[in-house]
Amino acid sequence: MDKPIEIVLKPTLQCNGSCSYCNVAERPSRMDVSTVEQTFRKVADYTNSIPGSTVTFLWHGGEPMLMGDAFFAKVLDLHQTFLGDWAAHLMQSNLTLANEALLDVLSELLNGGGLGTSLDPFEDYRRLKNGQSYPERWYEGFELAKRRGSRVGMVYVAHGGSVGMGRKIYHYFKNLGMDSLTLVPLEEPAGVFAGPRPDSREWGIFLLEMYRTWKDDDEALPIVPFVQWFGPGSDQVRPVSAELLNCCEPTLAVSPKGDVYPCVRLLDVGIGRIGNILTDSLESILAHPDAWWRSRRRDLIRQNECGSCRWWGFCAGGCAAASGTCAKTVWCEGYKTFFEAIHD
């Protein structure tokens with residue numbers, strides 16, 4: 001194996017939040033510790049036979065902190081039993097359930113960092129089911145994580161109301177003390193979203209707003225995708241690998257019951273299962289043709305207009321789950337708007 005593997009572990013699809021544009025369909029199941037043990041065993045057996053291999057586990061949901069400190073204490077024990085320095089852990093969380101006991105465990109499991117989170121500071125699109133204020137509980141969890149020395153990255157979902165707010169959004173997160181900022185466009189939610197959605201061109205305009213503000217601030221806050229597209233202090237775009245721009249390949253997403261999908265978005269909607277970590281070997285799961293569907297899609301769409309696009313090396317076709325297996329990214333016009341504006 002000459003490429004890293006990313007394994008997204010979803011210990012629950014439930015969440016204490018009720019966000020307007022969430023794309024996860026909640027289902028009432030939770031991962032048993034035995035599923036984690038089987039996953040770690042099989043990953044260790046597979047990677048130990050391949051020198052230099054690495055694996056990243058991303059704890060996702062739902063809301064993974066719903067599992068509590070006792071669950072993650074057992075995960076930490078299993079990591080120490082079966083895995084080594086070649087395995088890293090990350091977590092995506094709304095942070096509203098963070099507490100001292102949980103962060104005690106996670107600071108060791110995540111090695112003092114690796115927390116991703118989301119907040120919309122200027123719209124009421126993120127709420128908690130118990131009626132408490134999402135922003136207030138988020139700030140408490142964020143401050144607690146930072147006091148414990150965790151690195152916290154922000155994933156900001158750009159919606160229709162984000163356009164024209166780029167400068168304000170950038171400085172808000174920078175002044176808050178975020179360690180990084182990742183920009184993603186609002187895509188199809190699981191439920192009804194009544195708010196404004198950005199079209200492709202508006203996504204490009206928003207990227208331009210953020211980029212120009214970032215450059216004016218001497219790139220003080222690392223922003224994805226800009227740090228992938230540009231060298232430090234440079235306006236010259238540089239092609240990067242598709243694995244950096246989109247998901248690592250292979251990426252395996254494991255459900256609470258151990259079902260494996262080749263993409264976290266497919267797991268969220270329950271489409272495209274390629275095996276089960278409890279009953280199938282990791283070798284057989286990785287041998288499934290659909291485990292490598294992103295490469296096949298990129299080869300396919302480059303046979304059409306993408307093949308002659310000067311910006312292919314920067315978008316690489318976009319998210320396969322969002323755009324379809326035979327189509328270019330739905331954000332194509334936006335990326336062209338962005339790159340042509342900064343190039344000219």
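Axes here are lines fitted to C-alpha atoms, for helices over the stretch in contact, and the angles between N-to-C directions run from 0 to 180 degrees. Helix α5 (residues 166–176) packs against helix α6 (residues 200–216) at an angle of about 50°, and their axes lie 8 Å apart. That angle makes α5 oblique to α6, and the crossing of the two is right-handed. On the α5 side, the contact is built from Gly166, Arg167, Ile169, Tyr170 and His171, while α6 brings in Phe206, Glu209, Met210, Thr213, Trp214 and Asp216.

Ten strands make up an open sheet with mixed pairing, running in the order β7-β6-β5-β4-β3-β2-β1-β8-β9-β10. At its edges sit β7 (223–224) and β10 (275–276), each of which pairs on one side only. Strands β8 (residues 251–254) and β9 (residues 259–261) pair in the antiparallel sense over two bridges, and Ala253 stands opposite Tyr261 in β9. Helix α1 (residues 33–48) packs on the sheet too, touching β1 (5–9), β2 (55–59) and β3 (87–92), with its direction at about 160° to that of β2. Helix α6 turns up again here: it touches β5 (152–158), β6 (180–185) and β7, and its direction makes about 165° with that of β6.

As for confidence, the mean pLDDT of the protein is 89, and 93% of its residues reach 70 or more. Over residues 241–245, though, pLDDT stays under 50. Where pLDDT is low, the predicted coordinates should not be read in detail.

Technical notes. Residues numbered from 1 in each chain as written. Predicted model: local features only at pLDDT ≥ 70, side-chain atom pairs only at ≥ 80, totals over all residues. Heavy atoms only, no water. Helix = DSSP H or I, 4+ residues; strand = E, 2+ residues; numbered from the N terminus. Parallel < 35°, antiparallel > 145°, perpendicular 65-115°, else oblique. Left-handed = near helix turned anticlockwise from the far one by under 90°. Contact = heavy atoms within 4.5 Å. pLDDT = per-residue confidence, 0-100. Pairing = 2+ DSSP bridges.
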